[in-house]
Amino acid sequence: MTTPALPPGGPIELPGRGTTFHRDQPSRAGDAAPTVVLLHGWTATADLNWFPSYEPLAEHVRVVALDHRGHGRGIRTNRRFRLADCADDAVALADTLGIDRFIPVGYSMGGLVAQLVWRRHRDRVDGLVLGATARNFRGNPSAVGGFAALGAMAAAARVVPETARRRAARRVIGRRPGLSDWARGQFESGDPRMVLEAGQSIGAFSSHAWIGEVDVPTSVVLTEQDRVVPPSRQAKLAAAIPDAVVHPAPIDHGGCVVEPHRFVPALVAAVRDVAGRAVRTR
């Protein structure tokens, strides 16, 4: 894979928070089109997660995306990684771009961030699109153990020299088969310590106690062959949200990138569904 065609974007300062990297693609449907803010998954970047989706979405909505803190060219800080900070970063980006209300679209870890955007900033959210995600990622003992191990690794990473952290990250990325140089560069561009802390934060997250309070139009893109987030857990998320609509996609977890012909139509349908229902409920 060569570097794909990408929307306009670049570094942007979020006042009081730091500098992140963003994309901002106007909608070909005109200035009145709603805005989506795309929230990528763990270890990825906005471009890696969403590059097949940018153009199809822009037929219907304004498309904004950002790298989460510690990922890609996202905010760098000595503070511990928190998913809540990622949610606040997304709203801060909307503020900086002059966007009042928007639809968070989250994939995997980004789906947790999207849930938190609604939880922390209800007055800014027109609807939600949640893909390949759940109320929590603690569905089995091995997952719990894995996230606990990430916590220990993250703590160690704070005292390991940067060069050693980079070498370790490259060894992990190197185990991923079939990566192009561009995709490998996207993975390797994150800060290893913050990415490990992000994994620990994923393991600690749960929206079980409040997700049933969601009061905006919501669609769930359910990845039917997912071996990372079991489809049954995605279905439980959808069932917990009042009037959520399920849009199935016959893909595994990485299908948003490697099988865009199966993922993008479901994503576009989910976004259009939420945008249409949001207009009617305003």
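Arg119 and Glu213 form a salt bridge, with 3.7 Å between the closest N and O atoms. Arg119 belongs to helix H4, whereas Glu213 sits in the loop between H8 and strand E7 (218–223), so the pair ties together parts that are 94 residues apart in sequence. Arg119 is partly exposed, at 36% relative accessibility. Glu213 is partly exposed as well, with a relative accessible area of 42%. These values come from a predicted model.

The whole structure contains 20 salt bridges. One of them joins the side chains of Glu55 and Arg28, at 3.0 Å from N to O. Glu55 lies in helix H2 and Arg28 in the loop between strand E2 (18–25) and E3, so this bridge ties together parts that are 27 residues apart in sequence. Glu55 has a relative accessible area of 40% and is therefore partly exposed. Arg28, at 42% relative accessibility, also counts as partly exposed.

A further salt bridge links the side chains of Arg101 and Asp126, at 2.6 Å from N to O. Arg101 is placed in the loop between H3 and E5, and Asp126 in the loop between H4 and E6, so the pair ties together parts that are 25 residues apart in sequence. Arg101 is partly exposed, with a relative accessible area of 34%. Asp126 has a relative accessible area of 7% and is buried, because buried means under 20%. Elsewhere, salt bridges form a network that links Arg17, Arg69, Arg79, Arg82, Asp85 and Asp89.

Nonpolar packing was examined next. The largest nonpolar core has 40 residues. Leu83, Val117 and Leu128 have the most contacts inside this core. Two or more residues come from each of strand E1 (9–14), strand E3 (35–39), strand E4 (62–66), helix H3 (83–96), H4, strand E6 (128–131) and helix H8 (192–204). Helix H3 gives the most, with eight residues. Val117 touches Ala87, Ala90, Val91, Phe102, Pro104, Arg122 and Val125, when residues up to four places away in sequence are not counted.

Ala58 lies in helix H2, which covers residues 54–58. At 0% relative accessibility, Ala58 counts as buried. Ala58 and Ala33 are 25 residues apart in sequence, and their C-alpha atoms are 9.5 Å apart in space.

Ser108 is found in the loop between strand E5 (103–107) and helix H4 (109–120). Its relative accessibility is 8%, so Ser108 counts as buried. The side chain of Ser108 makes a polar contact with the side chain of His253, at 2.9 Å. Apart from neighbours within four places in sequence, Ser108 is in contact with Gly41, Gly131, Ala132, Thr133, Phe137 and His253.

Note on methods: Residues numbered from 1 in each chain as written. Predicted model: local features only at pLDDT ≥ 70, side-chain atom pairs only at ≥ 80, totals over all residues. Heavy atoms only, no water. Helix = DSSP H or I, 4+ residues; strand = E, 2+ residues; numbered from the N terminus. Buried < 20%, exposed > 50% of the residue type's maximum accessible area, 1.4 Å probe, protein only. Polar contact = N/O pair within 3.5 Å; in protein donor to acceptor, adjacent residues only side chain to side chain. Contact = heavy atoms within 4.5 Å. Core = buried A, V, L, I, M, F, W, Y, C linked by side-chain atoms within 4.5 Å. Salt bridge = Lys/Arg side-chain N within 4 Å of Asp/Glu carboxyl O.
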